[in-house]
Amino acid sequence: MKFTQMAKANEIERDWIVVDATDKIFGRIITEVATLLRGKHKPSYTPNVDCGDNVIIINASKARFTGAKLEDKNYFTHSGYFGSTKTHKMSDMLEKNPEKLYKLAARGMLPKTKLGKAMLKKLKVYAGSEHPHTAQIKG
């Protein structure tokens with residue numbers, strides 16, 4: 001009889017995966033990245049262990065958006081004080097801080113636990129094509 005092998009945290013090998021966002025649809029990129037961060041593409045996937053890979057997104061500001069999301073979609077922040085709700089348009093976030101936009105979208109697709117926060121730390125987003133992780137990537 002064979003039993004399913006559960007992955008242990010110290011046995012996991014992490015790869016570095018580069019995703020180029022140039023002319024790709026934003027939502028499709030994020031779903032792919034969330035799968036990679038979670039580790040669901042690996043045969044040794046275990047739900048209670050962080051077995052995902054490190055993901056680098058380059059050219060983040062060159063992604064495509066379908067529909068009228070850039071003008072219509074808003075992100076809200078609230079500090080906890082009365083009247084402190086702030087609204088940010090998606091187009092403004094893409095111009096000023098695309099890294100934050102990608103992290104917010106990926107965070108929504110990961111578990112809302114300590115494990116999800118650990119997975120999100122493995123996501124690196126860069127607006128341009130240059131990134132400082134060239135040494136980690138096997139060529």
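**Fold, helix packing and core of the predicted chain**

Thr 46 lies in the loop between α1 and β2, where helices (H or I, at least four residues) and strands (E, at least two) are DSSP runs, numbered from the N terminus. The structure is a predicted model, in which local features need pLDDT of at least 70 and side-chain atom pairs count only at pLDDT 80 or more, whereas totals for chains, interfaces and linings use all residues. Residues are numbered from 1 along each chain as its sequence is written, and side-chain values use heavy atoms, with hydrogens and water left out. Thr 46 is buried, at a relative accessible area of 1%; buried denotes under 20% relative accessible area, exposed over 50%, and partly exposed the range in between (1.4 Å probe, protein chains only). With neighbours within four places in sequence set aside, Thr 46 is in contact (heavy atoms within 4.5 Å) with Met 6, Ala 7 and Cys 51.

The protein chain contains five helices and five strands, arranged along the sequence in the pattern β-α-β-α-β-β-α-α-α-β. The C-alpha trace spans about 60 × 40 × 30 Å along its principal axes. Of the 139 residues, 35% count as buried. Among contacts between residues at least 6 apart in sequence, 66% join residues at least 24 apart.

Helix α1 (residues 26-38) packs against helix α4 (residues 98-109), their axes coming within 9 Å and crossing at roughly 55°. The axes are lines fitted to C-alpha atoms, for helices over the stretch in contact, and angles run from 0 to 180 degrees between N-to-C directions. The value makes α1 oblique to α4, since angles under 35 degrees count as roughly parallel, over 145 as roughly antiparallel, 65 to 115 as roughly perpendicular and the rest as oblique. The crossing of α1 and α4 is right-handed, that is, the near helix is turned clockwise from the far one by less than a right angle. On the α1 side, the contact is made by Phe 26, Ile 29, Ile 30, Thr 31 and Ala 34; α4 contributes Leu 101, Tyr 102, Ala 105, Ala 106 and Met 109. These residues comprise nine nonpolar, one polar and no charged, with Ala, Val, Leu, Ile, Met, Phe, Trp, Tyr, Cys and Pro taken as nonpolar, Asp, Glu, Lys and Arg as charged, and the others, Gly among them, as polar.

The largest nonpolar core has 27 residues, and those with the most contacts inside it are Ile 57, Tyr 102 and Leu 123. Such a core is a set of buried Ala, Val, Leu, Ile, Met, Phe, Trp, Tyr and Cys residues joined through side-chain atoms within 4.5 Å. Two or more residues are given to this core by each of α1, β2 (54-58), α3 (90-96), α4, α5 (114-120) and β5 (123-125), with α1 giving the most, seven residues. Beyond four places in sequence, Leu 123 touches Val 33, Leu 37, Val 55, Ile 57, Tyr 102, Lys 103 and Ala 106.

Asp 23, in the loop between β1 (16-20) and α1, is exposed at 56% relative accessible area. Asn 59, in the loop between β2 and α2 (69-72), is buried at 7%.

Lys 114, in helix α5, is exposed at 77% relative accessibility.
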